Amino acid sequence: QAAPETGTLIAFTTDEAGNPLGGVCYAITGIQNDLGEQCDEDGDGDMGLPDSPADTYTVRQTSVPDGYE
């Protein structure tokens, strides 16, 4: 049996000046898969999920660092 298709999902957030904004969290839901809340844990402004199941996802910010909306 063939391995299921996967891909890498990346969410990237910047501040008003275009600088990476670390520490942002996202809710990630797909048509067939719910990846739950995922956060940029290393503070580099992006959250990457390698080997995510192939799907159509909706990514919604759930939290940002203090001082941002």
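Visitor: Leaving aside neighbours within four places in sequence, which residues is Leu 49 in contact with?

Guide: Leu 49 is in contact with Gly 7, Thr 8, Leu 9, Ile 28, Leu 35 and Gln 38. Contact here means heavy atoms within 4.5 Å. Before we go on, please note that this is a predicted model, where local features need pLDDT of at least 70, side-chain atom pairs count only at pLDDT 80 or more, and totals for chains, interfaces and linings use all residues. Residues are numbered from 1 along each chain as its sequence is written, and side-chain values use heavy atoms, with hydrogens and water left out.

Visitor: What makes E2 and E3 a pair?

Guide: Strand E2 (residues 25-30) and E3 share five bridges in the antiparallel sense. Two strands pair if DSSP finds at least two bridges between them, and five bridges meet that rule. Ala 27, for instance, has Glu 37 in E3 as its bridge partner, and Ile 28 stands opposite Gly 36 in E3. A hairpin of three residues joins E2 to E3.

Visitor: What is the order of the strands in the open sheet?

Guide: The three strands come in the order E3-E2-E5, with antiparallel pairing. The edge strands are E3 (34-39) and E5 (57-63), since each pairs on one side only. Neighbouring strands of this sheet are turned by 20° against each other on average, direction ignored; the axes are lines fitted to C-alpha atoms (for helices over the stretch in contact), and angles run from 0 to 180 degrees between N-to-C directions. E2 and E5 pair in the antiparallel sense over six bridges, and Cys 25 has Ser 63 as its bridge partner in E5.

Visitor: How do you know that Cys 25 and Cys 39 form a disulfide?

Guide: Their S to S distance is 1.9 Å. A disulfide is a pair of cysteine sulfur atoms within 2.5 Å, so this pair qualifies. By this rule the count comes to one disulfide. Cys 25 lies in strand E2 and Cys 39 in strand E3, so the bond ties together parts that are 14 residues apart in sequence. In general, a disulfide is a covalent bond between the sulfur atoms of two cysteines.

Visitor: Why is this disulfide called right-handed?

Guide: The torsion about the S-S bond of Cys 25 and Cys 39 is about 110°, so the disulfide is right-handed.

Visitor: Why is Ile 10 called exposed?

Guide: Its relative accessibility is 59%, so Ile 10 counts as exposed. Ile 10 sits in strand E1 and touches Asp 46, Met 47 and Gly 48, not counting residues up to four places away in sequence.

Visitor: What about Pro 4: buried or exposed?

Guide: Pro 4 is exposed, because its relative accessible area is 69%. Pro 4 belongs to the segment before strand E1 (6-12).

Visitor: What is the phi of Asp 51?

Guide: Asp 51 has a positive phi of about 60° although it is not a glycine. Asp 51 lies in strand E4 (residues 46-53), and Asp 51 counts as exposed because its relative accessibility is 59%.

Visitor: What makes up the largest nonpolar core?

Guide: Nine residues make up this core: Leu 9, Ala 11, Leu 21, Val 24, Tyr 26, Ile 28, Met 47, Leu 49 and Tyr 57. The elements giving two or more residues to the core are E1, E2 and E4. A nonpolar core is a set of buried Ala, Val, Leu, Ile, Met, Phe, Trp, Tyr and Cys residues joined through side-chain atoms within 4.5 Å.

Technical notes. Helix = DSSP H or I, 4+ residues; strand = E, 2+ residues; numbered from the N terminus. Buried < 20%, exposed > 50% of the residue type's maximum accessible area, 1.4 Å probe, protein only.
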